Each structure stands twice: as structure tokens, then as C-alpha cells.
Amino acid sequence: MKTDLSCATALLFILLLAQPLIGKAKTIFVTDYGARPNSRSNAAAAVKAALTACKEQDADILSFPKGRYDFYSDGSTLVGIELDSLKNLIVEGNDSEFVFHGRCKIAGIKDCSQIEMRNFSADWDRPYTIQATILDATDNYLDAKIDASQYPFCIDNGKFYVLGENWILAPTSQYNNLYDAKTGEIVYNTQDAPLADIFSKDATDMGNGVIRFRGNVPIKPASGTIVAIYTGRYTGMEGIYINESKDICLRNIRINYAMNIGIRAQHSENVTLDNACAMANKSKKRVFSTIADNAHFNCCRGTIKVLNCKATGMGDDFLNVHGRNYPILQVLDSVTADIRIQDATLKEDEYVWLLDKRNKQRVATVRIKQITGWSNNNGKYLSYRVKFCSPLPKGIGKGNMIESATWVPDVTVSGCFLGRTNRARGILVTTPGKVLIENNRFSTAGAAILIEGDDSRWFESGACRSVTIRNNVFDGCLTSGNRHRNRSGWGNAVITITPYHFPKMYDTPFHSNITITQNVFKTNDAPLLYARSVDGLTFAENTILSDKSYPPHPVKREAIDLDSCRNANICNNKWNGTRLSNKVSVRNMRSSELKLNDHTIKKVTPSNNE
């Protein structure tokens with residue numbers, strides 16, 4: 001008995017010693033694999049080795065001790081932090097700074113689950129976008145001053161070039177944006193390429209960083225105005241790319257620069273961005289951040305949450321969530337068709353909706369059985385030969401489209417601030433899932449919210465079925481919106497709802513069940529809401545205040561413009577301000593389709609199609 005008791009006591013003692021270790025996270029430090037913070041040496045190989053160790057040792061945390069870590073491309077595309085087939089891992093930055101050189105992606109997350117990346121910033125010493133300060137603009141030339149220490153340049157044979165690390169590029173003539181020197185905001189009423197192609201014109205080095213570009217510019221910006229000059233667009237090198245992954249969280253991440261979209265997710269489920277967004281690097285006095293969107297979700301599912309983000313300086317929209325329309329090129333037999341692919345791909349066993357050719361309504365659901373191959377159609381697009389599990393309905397053929405019924409997300413956007421320091425628009429969302437946009441503040445240069453449905457340009461699908469926009473503040477939006485009421489603008493109104501096609505009066509509306517309620521609109525201009533082809537539209541209990549910070553555009557004078565809508569309800573809104581329009585324009589609608597219970601609305605322009 002004495003021996004047994006001694007063994008039991010010893011075992012208990014061992015268990016007590018081991019107790020603090022139970023549940024303790026296994027941490028891999030990148031510094032143990034050769035990364036040297038603040039040395040400016042290439043950390044890419046060390047990070048790759050540390051990630052391999054994470055997989056082999058089933059680690060819980062990959063840790064970067066606080067410091068600066070540099071990543072260098074050898075000319076090909078480098079992915080700084082590449083997570084592949086990992087699960088239950090935290091990438092802890094500890095407020096480190098990741099600095100990239102050349103053609104790089106910040107991170108890739110592929111075939112992963114339960115991943116959290118947090119607490120770091122990412123930037124380039126030599127970005128592919130540069131900025132200059134306008135000194136003078138005349139009918140014959142434009143003088144601009146460039147900080148050559150941040151943005152080295154050269155002039156060769158009278159042409160201006162940006163010098164990077166092992167690269168040299170000329171400015172693109174399609175994009176440049178003007179920013180107010182004091183506020184850092186997009187200059188009122190300027191939109192894209194306000195200086196046209198002046199940076200491609202003959203250039204002379206005047207010394208001390210001043211370049212004279214010879215030619216006439218469409219507008220004459222004030223001296224001191226800042227211009228962002230792009231050398232390319234849509235490079236395919238996203239900042240953080242999430243693909244075929246599940247339960248991903250990005251938290252407390254500042255993307256000071258990215259060579260394309262800041263954060264992009266495709267065929268992924270349950271993604272959260274919490275204070276993770278593009279932000280211009282104030283310490284370098286930059287006005288720009290990402291080349292394109294802040295965040296872009298294509299063919300995802302589950303729940304997308306965008307929380308507590310304050311994006312600045314991005315080169316396109318803050319958030320774009322959509323599916324994909326795939327045009328049918330030809331039907332070979334009752335179960336086989338060639339499908340055009342753009343950007344996203346289809347998957348076997350995926351359910352898809354078949355869309356009516358005329359009104360783009362979802363008319364049937366079929367399942368993909370097999371994808372047998374693809375072809376490259378003269379470099380313009382890819383096409384797949386797709387076999388379905390059941391026959392296609394009669395009448396489905398070339399010109400119809402299919403849309404994924406499997407990859408459909410719900411979306412929540414809350415606690416975000418979107419200012420005029422960003423190009424273009426705020427939130428773009430086209431999904432039949434539930435959408436909630438609440439407790440945000442918008443001060444966007446273009447439309448704050450755009451609900452689309454594109455069947456002919458970007459093919460971004462997803463007729464909305466349930467959208468709630470509530471308790472937001474829209475403060476001085478659309479200051480550089482749609483001056484000419486054409487599709488190339490940044491929106492027709494603060495909230496713009498427009499399928500890309502134009503339905504006829506008696507067509508079934510494209511979108512449905514959109515509620516805009518209990519918001520505050522502080523506006524310098526008339527257009528609050530433009531809605532086309534919505535069944536079940538409510539604009540109620542909103543407060544509209546006049547703001548004189550900017551002059552109004554002289555184009556559009558209706559506060560609310562409804563076209564081809566059904567069951568529209570405008571009621572109990574509060575209007576305050578002499579400069580505001582309180583007119584409602586109604587087109588292609590019967591009188592019975594609009595319920596107006598708002599005594600502050602003075603005039604309704606009746607439809608000509610009673």
C-alpha cells in the first residue's frame with residue numbers, strides 16, 4: 001500500500017505541474033527562422049519557413065515580434081505571408097510594419113479555415129502610385145513638384161517616367177485624381193482624370209523636383225492642389241487575397257498601399273473585417289492607399305461582416321459585394337452549354353439560377369454535374385463546357401445567363417466611416433442574401449451606396465431581396481458625383497439603385513424589399529435617392545438637413561427619383577433647409593404604386609404612363 005500511495009502522490013504532483021500547460025497556445029516566432037526585424041533584409045524565406053513549421057507542428061500562433069519586416073520581389077509576384085491549407089491559426093503582427101518592394105501581394109489565404117490575421121500595417125517604399133503638388137496650371141503647361149526621395153522619376157526623350165525598384169513605368173492617361181491640400185479630400189466636382197493625359201505629354205525637368213508638362217488641361221486646379229498619378233490599374237496583385245477558405249477574420253490591419261484591391265475574397269465563407277482597411281500613410285503625407293477597391297467580395301457565402309473601418313485614400317470603392325453573371329454562349333443539347341467565364345469560376349455540384357433573357361429574373365434552378373474543359377477565346381475571355389444534372393428549360397439559349405445560387409452571402413456593414421479622401425463610391429452590394437447597413441457615417445465623393453446588377457459590363461450579379469439601411473449619417477455625399485447623368489459617373493444620388501439594364505414599365509422589378517429608414521442626410525444638393533426597378537421600396541423617418549459646404553450641381557433637382565418601381569412608400573420624413581429640394585419624380589409607374597404620406601413633399605411629378 002505504501003508503494004501504491006507513493007505512485008499516486010507522484011502522479012498527482014506531475015498532473016499539478018502540468019496543469020498550467022493545458023490549453024497553452026503553441027507559438028511559432030518568425031525570428032526563430034531567420035527573420036530580422038528592422039534590418040531591412042528580406043524576410044520572405046523566413047516567413048515561409050515559419051509557416052511550414054506552423055503546419056508541421058500544428059501551431060496556434062505565428063508571431064512577428066514588433067518591428068519592421070521587409071519583403072522583396074525578384075521580378076515575379078511575391079506573396080509575403082502565404083497561408084495554404086492551414087486551420088486554427090492566428091497571425092499576430094504585434095503592431096509590426098510590413099514593407100514590400102516590387103511586385104508583391106501582402107498575404108494569401110487559400111483552402112484555410114479558422115484564420116485570424118491581426119495587428120500590422122503594410123506599405124511600399126516605392127509605390128506604383130505617386131503624388132505631386134500642382135504649382136501652376138495654364139493653357140500651355142502644368143507645373144508640378146514631386147518629392148523625388150519618395151517618388152524617384154526620370155525624363156527620357158521628353159517623357160516622364162516613375163522609377164521603382166527594378167521597374168520603370170509611365171503614367172496611365174485614364175486615372176489621376178485631385179485632392180485638396182488642406183483636407184486631403186477629392187476636389188469638388190472633379191471625378192476621374194480631371195487633368196486628362198497631361199502626364200503623358202512632353203515633360204521638362206525644371207530642377208528642384210519641379211516638372212513642366214506641356215499642354216492644356218481641362219481644369220485649372222489651385223496652386224497647392226495634390227494630384228495622385230497612377231501608373232496602372234487592376235494589376236491582379238491584391239493586398240490580401242482570400243480564396244476557398246472559411247471563417248476568416250482580419251483585425252486591426254492598416255493597408256497603407258496595395259497594388260490592386262486591398263482585401264479580396266472569392267469562393268469563401270464567413271469573412272470578417274474588423275478595423276481592417278486601406279489607410280493612406282499620414283506619416284509620409286500620402287493621400288493615396290490602394291490602387292483599386294478597399295475590399296471586394298466575389299461569389300462568397302455565409303456572412304460577410306465589415307466593422308469599424310475608416311478607409312482613406314483608396315483608388316476605387318470602399319466595398320463591393322456581388323455574385324457573377326455567366327453568359328450562355330451556346331446550348332449544345334438539353335443538359336450541355338458553353339458558358340462564358342469572367343473573373344470567377346464555376347464549380348461542380350454548384351446550384352445556379354437561370355436568368356430570363358429580357359428582364360434578368362431568376363426563372364429556374366439547376367445543378368452543375370460536370371465541367372469538361374475550357375477554351376481561351378482570342379484572349380478576350382474563358383469559356384467552360386458545362387453539363388447540368390437536369391435538362392435546361394425550353395427557351396434557354398444564347399443570350400441567357402446563369403448566376404450562382406450556392407455562393408450567396410449575407411452582409412453586415414456597421415461602425416464604419418467613409419470620407420471624401422476616397423475615390424468613387426462607398427458601398428456596392430448586389431446579393432439576394434440579407435443586407436444590413438447601419439450606424440455608419442458617409443461623406444463620400446460619389447454615391448454613398450450603390451445597389452446595381454450588371455449584365456453587360458462587369459457581369460456583377462445579384463438582384464437584392466432584402467436590404468435595410470438604417471441609423472446612418474450621410475454627410476455631404478456626392479460632391480464629385482455624376483455631373484453629366486451618365487453611367488461613367490459616381491452615382492445619380494446619395495443612394496443609387498440601378499440595374500444596368502432598363503426594364504420596361506410592366507416588367508417584374510429587378511430588386512425587392514429595400515428599406516431606408518431613420519437616417520440623417522446632411523446634403524448640399526438635391527438628389528437623395530434614385531431608384532429604378534424596385535418592388536417594395538420604403539423611404540421613411542429620415543431627417544434631411546441642408547448643408548452649405550459645397551455648391552449644388554446644376555443637373556438634377558429632384559430629391560427622390562423613382563423609375564419603374566412598385567409598392568413604393570415615402571412617409572414621415574423631416575425636411576429642414578431652404579436649399580433642399582423636396583420633389584419626387586415618378587416615371588413608368590402607376591399612381592397607385594407610390595404611397596406618399598409625407599406632408600413636407602410639395603410636388604410630385606406624375607408619370608406619363610398612367
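This is a predicted model: local features need pLDDT of at least 70, side-chain atom pairs count only at pLDDT 80 or more; totals for chains, interfaces and linings use all residues.
The protein contains two helices and 50 strands. Its radius of gyration is 27 Å, close to the 25 Å that the globule rule gives for 610 residues, so the protein is as compact as a globular protein of that length. Along the principal axes, the C-alpha atoms fill a box of roughly 100 × 70 × 55 Å. Of the 610 residues, 57% are buried. Among contacts with a separation of 6 or more, 73% are made by residues 24 or more positions apart.

Strand pairing was examined in several regions. Strands of a sheet pair through backbone hydrogen bonds, in either a parallel or an antiparallel arrangement. An antiparallel case is provided by an open sheet of three strands, ordered β10-β11-β12. The edges of this sheet are formed by β10 (153-156) and β12 (168-169), each of which pairs on one side only. Strand β10 is joined by four bridges to β11 (residues 159-163), and the two run antiparallel. Within this pair, Phe 153 stands opposite Val 162 of β11.

Parallel pairing is found around strand β33 (residues 427-430). This strand is joined to β24 (residues 319-322) by four bridges, with the two strands running parallel. Two bridges link β33 to β36 (residues 449-451), again in a parallel arrangement. Ile 427 takes part in both pairings: Leu 319 stands opposite Ile 427, and the bridge partner of Ile 427 in β36 is Ile 449. In a regular strand the side chains alternate between the two faces of the sheet. In β33 both faces are covered, with Ile 427 and Val 429 buried on one side and Leu 428 and Thr 430 buried on the other.

Strand β43 (residues 534-540) is mostly covered, five of its seven residues being buried. Six bridges connect β40 to β43, which run parallel, and Ile 514 stands opposite Leu 537 of β43. Strand β43 is also joined to β46 (residues 566-571) by five bridges, likewise in a parallel arrangement. In this second pairing, Thr 538 stands opposite Asn 569 of β46.

Within strand β40 (residues 511-517) lies Ser 512. Ser 512 has a relative accessible area of 12% and is therefore classed as buried, the cut-off being under 20%. Beyond residues up to four places away in sequence, Ser 512 touches Cys 464, Arg 465, Ser 466, Val 534, Asp 535 and Gly 536. Three of these partners, Val 534, Asp 535 and Gly 536, fall within the range of β43 (residues 534-540).

One is Gln 518, with phi near 55°, located in the loop between β40 and β41 (520-523). At 41% relative accessibility, Gln 518 counts as partly exposed. The other is Asn 567, with a positive phi of about 55°; Asn 567 lies in strand β46.

Thr 129 is placed in strand β8 (residues 129-137) and is buried, with a relative accessible area of 2%. Apart from residues up to four places away in sequence, Thr 129 touches Tyr 151, Ala 228, Ile 229, Tyr 230, Tyr 257, Phe 288 and Ile 291. Val 473 is found in strand β38 (residues 473-475). With the same exclusion of residues up to four places away, Val 473 touches Asn 440, Arg 441, Phe 442 and Val 520. The C-alpha atoms of Val 473 and Thr 543, which are 70 residues apart along the chain, are separated by 9.5 Å.

Methods:
Residues are numbered from 1 along each chain as its sequence is written. Side-chain values use heavy atoms; hydrogens and water are left out. Two strands pair if DSSP finds at least two bridges between them. Buried means under 20% relative accessible area, exposed over 50%, partly exposed in between (1.4 Å probe, protein chains only). Contact means heavy atoms within 4.5 Å. The radius of gyration is taken over C-alpha atoms; the globule rule is 2.2 Å times the number of residues to the power 0.38.
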